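Look at the sequence and the model below before reading on.

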Amino acid sequence: PTQPNPTQPRTPHQSGHFLRLMFRQQVLSFIPSCSYLFQYEKRNMSRYNIYSLLDWIYGGVDPKFEGNGGPECAAFLQPKQRLGESAVIVLLSLLEIGLALRKINLSKELRYAEKEAEKAKEDSLGKNLLLVALCLTFGVEVGFKFATKTVIYLLNPCHVVTMVQIFLLACPPCKIAMIVFRLQVHMLNGALLALLFPVVNTRLLPFEMEVYYIQHIMLYLVPIYLFRKGGIYKPEPAGDFWWALLATGILFFYHFTFLQALGLVTEVNLNNMLCPAVSDPFYGPWYRVWATGHQTLLTMSHGKLLALLFYTAVPNYKYILDLVRLRTKKID
């Protein structure tokens with residue numbers, strides 16, 4: 001491609017795209033094993049190089065689909081606004097993480113987890129079947145990502161939480177499992193949003209849309225099943241919001257540091273960090289500010305409501321079941 005004329009003034013859109021391109025090349029050139037790949041002759045001699053790898057990772061992301069990525073999506077926000085929002089939210093997320101870690105009595109929680117882990121029974125058949133089902137579902141999703149050359153989307157929070165739940169189902173009850181379980185319960189707000197405002201305009205392969213819904217529904221089945229097992233899989237007390245605050249801080253820090261930086265380099269709209277989704281009800285230049293507010297409220301309350309619904313629904317279910325059994329015995 002022709003190089004831009006340095007004497008010709010660039011528009012803000014062209015300047016932003018040029019800076020992102022230069023930054024991407026500088027990052028790759030610092031990797032010793034990849035720097036030679038910028039030489040055209042050597043690049044053609046290698047079948048597997050950094051460009052073929054990057055093509056597998058995000059080469060299939062089509063910017064023609066709105067909200068998918070591309071230069072226009074990356075330039076949706078002005079650089080000053082993006083930088084200001086990021087600095088404030090990252091600072092707030094660090095404060096949330098620090099405050100939550102100070103308030104959580106981790107030594108007491110770990111002693112409780114150790115006692116409960118000793119009482120834990122062998123893995124049940126139901127847990128193993130759920131693990132197999134979740135692995136198969138996620139395996140099919142990973143296959144779709146490789147087939148469409150959009151592997152980078154596996155870094156979105158819902159996929160990360162799926163991997164965390166696979167770990168929970170495969171890991172025996174222990175201290176780490178208790179910490180991970182309590183955090184992931186408060187990270188399921190993304191699954192709720194994915195079901196309420198699905199973004200499926202890029203899912204064109206057979207059964208790709210069906211797997212999307214199955215995966216997000218299973219994100220709820222795993223914690224409900226683990227709630228039922230009890231032990232280390234019990235949530236914190238209803239009035240304790242420090243675990244929810246810790247999960248909120250971790251999620252925002254992950255979004256505004258790692259996902260946003262990677263999205264700017266690749267021009268891929270990872271979890272809508274570059275531009276809003278097509279189904280976003282707060283579509284506009286301040287969509288991330290709105291998201292910070294409503295996602296904080298949702299993250300702080302969603303896990304609590306999930307545990308409350310479970311612990312109120314199960315006793316009622318058992319009561320109705322016992323009542324039905326009693327009536328059938330009287331009829332007999």
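Helices here (H or I, at least four residues) and strands (E, at least two) are DSSP runs, numbered from the N terminus. The model is a predicted one: local features need pLDDT of at least 70, side-chain atom pairs count only at pLDDT 80 or more, and totals for chains, interfaces and linings use all residues. Residues are numbered from 1 along each chain as its sequence is written, and side-chain values use heavy atoms, with hydrogens and water left out.

Helix H12 itself covers residues 208–229, which is 22 residues. The expected span of a helix is 1.5 Å times one less than its number of residues. For H12 this gives 32 Å, and the C-alpha atoms at its ends are 32 Å apart, so the two values agree.

H12 packs against H11 at an angle of about 145°, and the two axes are 9 Å apart. Axes are lines fitted to C-alpha atoms, for helices over the stretch in contact, and angles run from 0 to 180 degrees between N-to-C directions. The crossing of H11 and H12 is left-handed. A crossing has this hand if the near helix is turned anticlockwise from the far one by less than a right angle, and it is right-handed if clockwise. On the H11 side, the contact (heavy atoms within 4.5 Å) is made by Ala-191, Leu-192, Ala-194 and Leu-195. On the H12 side, Tyr-212, Tyr-213, His-216, Ile-217, Leu-219 and Tyr-220 take part. Sorted by class, the contact of H11 with H12 has 9 nonpolar residues, 1 polar residue and no charged ones. In this sorting, Ala, Val, Leu, Ile, Met, Phe, Trp, Tyr, Cys and Pro count as nonpolar, Asp, Glu, Lys and Arg as charged, and the others, Gly among them, as polar.

The next topic is charged side chains. Side chains of opposite charge can pair when their charged atoms come close. A salt bridge is counted when a side-chain nitrogen of Lys or Arg is within 4 Å of a carboxyl oxygen of Asp or Glu. By this rule the model has 5 salt bridges. One of them joins Asp-55 and Lys-149, with N and O 2.9 Å apart. This pair links distant parts of the chain, 94 residues apart: Asp-55 is in helix H4 (residues 50–58), while Lys-149 is in the loop between helix H8 (125–147) and helix H9 (157–170). Asp-55 is partly exposed because its relative accessibility is 29%, and Lys-149 is also partly exposed, at 30%. Buried means under 20% relative accessible area, exposed over 50%, and partly exposed in between (1.4 Å probe, protein chains only).

Which residues are linked with Glu-141 in a network of salt bridges? The network consists of Glu-141, Lys-145 and Arg-203. Glu-141 meets Lys-145 at 2.3 Å, N to O. These two are 4 residues apart in helix H8, so about one helical turn separates them. Glu-141 also forms a salt bridge with Arg-203, where the closest N and O atoms are 2.8 Å apart. Arg-203 lies in the loop between helix H11 (189–196) and H12, so this pair ties together parts that are 62 residues apart in sequence. Glu-141 counts as buried because its relative accessibility is 0%. Lys-145 is buried at 5%, and Arg-203 is buried as well.

His-159, in helix H9, is another buried residue, with a relative accessible area of 6%. Apart from neighbours within four places in sequence, His-159 is in contact with Phe-138, Glu-141, Lys-145, Tyr-153, Leu-154 and Gln-215. Its C-alpha atom is 9.2 Å from that of Glu-141, 18 residues away in sequence.
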